[in-house]
Amino acid sequence: MGNVKKIKFIDLFAGIGGFHLALDSLGLECVFASEWDKYAQSTYATNFGMTPVGDIRAVQAADIPTFDWLCAGFPCQPFSIAGVSKKNSLGHKHGFEDEKQGNLFFEILRIASFHHPKVMLLENVKNLKSHDKGNTWHVIESELKALGYQVFSKILDGKYFVPQHRERIFIVCFDTKTYPKIDFRFPNYPKYRNYELKEIIEPDVENKYTLTTHLWNYLFQRKIEQSEKGNGFGYGLFNPNVDEYTRTISARYYKDGSEVLIEQVNQNPRRLTPRESARLQGYPESFKIPVSDTQAYRQFGNSVVVPLVQAVAAQIFETIQNYEAGKSRLKYLEQSSLWEVAV
């Protein structure tokens, strides 16, 4: 991709650094990160040598170093299908009315209005566009455009990069003063995944990952009950030698592992190990996991699919290169025309 080290980015709601990993692999430089969870901060610091600051609401925009790109997988629970259902059942507000999380999108706007980054790369659950009959998305898109950005969005599935069905909405914003009327198209899916499910599953794991008979019977019975009610809820059981990809792994995976269970011969099914969970999200073997299994499951369940983010970021960079090349060619033609007129 050439020399892109001059491009600096910030990593908001950084989690364990999926965006950082993807953009760093392309040569971009992270100059600031923010993440409130102390366990995620630990994982981030262990792998990148920088500890994210805590609550972004307590950070003055002027105290953030100058940067070119803003990246954020902003909190999705207020907009997700599961999150909305849970909050409705508890009588809690959701979306922009969610007092704790829903307003964090406006922290992105606050920082962007001060720094005016050239590019913003945002990620959220696919339900973002349909939430509140489209009103939530209307507010987000309108606010971004009002700040002077051209907005592109698309739901992309991680299963084309890793063996996990994981649909997320990606939002790419270009500053119109820097890139007027830029033509951006999201990347095409690759022909082959980075690796297959059978390649990330370890042949022998500790017994602690195998479900107890009590838990397995509970999940089995619950799936029957849900099926009788016409619901599709229940565990997901996968054979690595047969199945191409799994369901979406979530932050609740630590509870019972029901989304992704691996078949075993003459044994109850088992959970993924934390390392297998990391692979399912596209993290390399070199990525360190310094936390407990419970925290690791939460962290990888909340993460982005790293190679998918990398593909989108690479497409942004290529689009900018083509735009700059077009500008240079146009300037050359204009200068040549003026020279000919002068002669």
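In strand S3, Trp-69 is the bridge partner of Phe-9. S3 spans residues 69–72 and runs parallel to S1, to which it is joined by four bridges. The model described here is predicted.

S1 also pairs with strand S2 (residues 29–33); these two strands run parallel and are joined by four bridges. Within S2, Phe-32 is the bridge partner of Ile-10. Together with helix H1 (residues 18–24), S1 and S2 form a β-α-β unit that is right-handed. S1 itself covers residues 8–12, and four of its five residues are buried, so the strand is largely enclosed by the rest of the structure.

The largest nonpolar core contains 61 residues, among which Leu-23, Trp-69, Leu-121, Phe-174, Val-312 and Ile-316 touch the most other members. Helix H11 (residues 306–342) supplies the largest share of this core, with ten residues. Leaving aside residues up to four places away in sequence, Leu-23 touches Phe-9, Leu-28, Trp-69, Cys-71, Val-309 and Ala-313. In soluble globular proteins, nonpolar side chains tend to be buried together.

The protein chain has an average pLDDT of 88, and 85% of the residues score at least 70. The pLDDT is below 50 over residues 80–88, a stretch that has 18 contacts in the model beyond near neighbours in sequence. It is also below 50 over residues 98–102, where the stretch has 14 contacts beyond near neighbours in sequence. Where pLDDT is low, the predicted coordinates should not be read in detail.

Conventions: Residues are numbered from 1 along each chain as its sequence is written. This is a predicted model: local features need pLDDT of at least 70, side-chain atom pairs count only at pLDDT 80 or more; totals for chains, interfaces and linings use all residues. Side-chain values use heavy atoms; hydrogens and water are left out. Buried means under 20% relative accessible area, exposed over 50%, partly exposed in between (1.4 Å probe, protein chains only). Two strands pair if DSSP finds at least two bridges between them. A crossover is right-handed if, with the strands pointing away from the viewer, the path from the first strand over the helix to the second runs clockwise. pLDDT is the predictor's confidence in each residue, from 0 to 100. Contact means heavy atoms within 4.5 Å. A nonpolar core is a set of buried Ala, Val, Leu, Ile, Met, Phe, Trp, Tyr and Cys residues joined through side-chain atoms within 4.5 Å.
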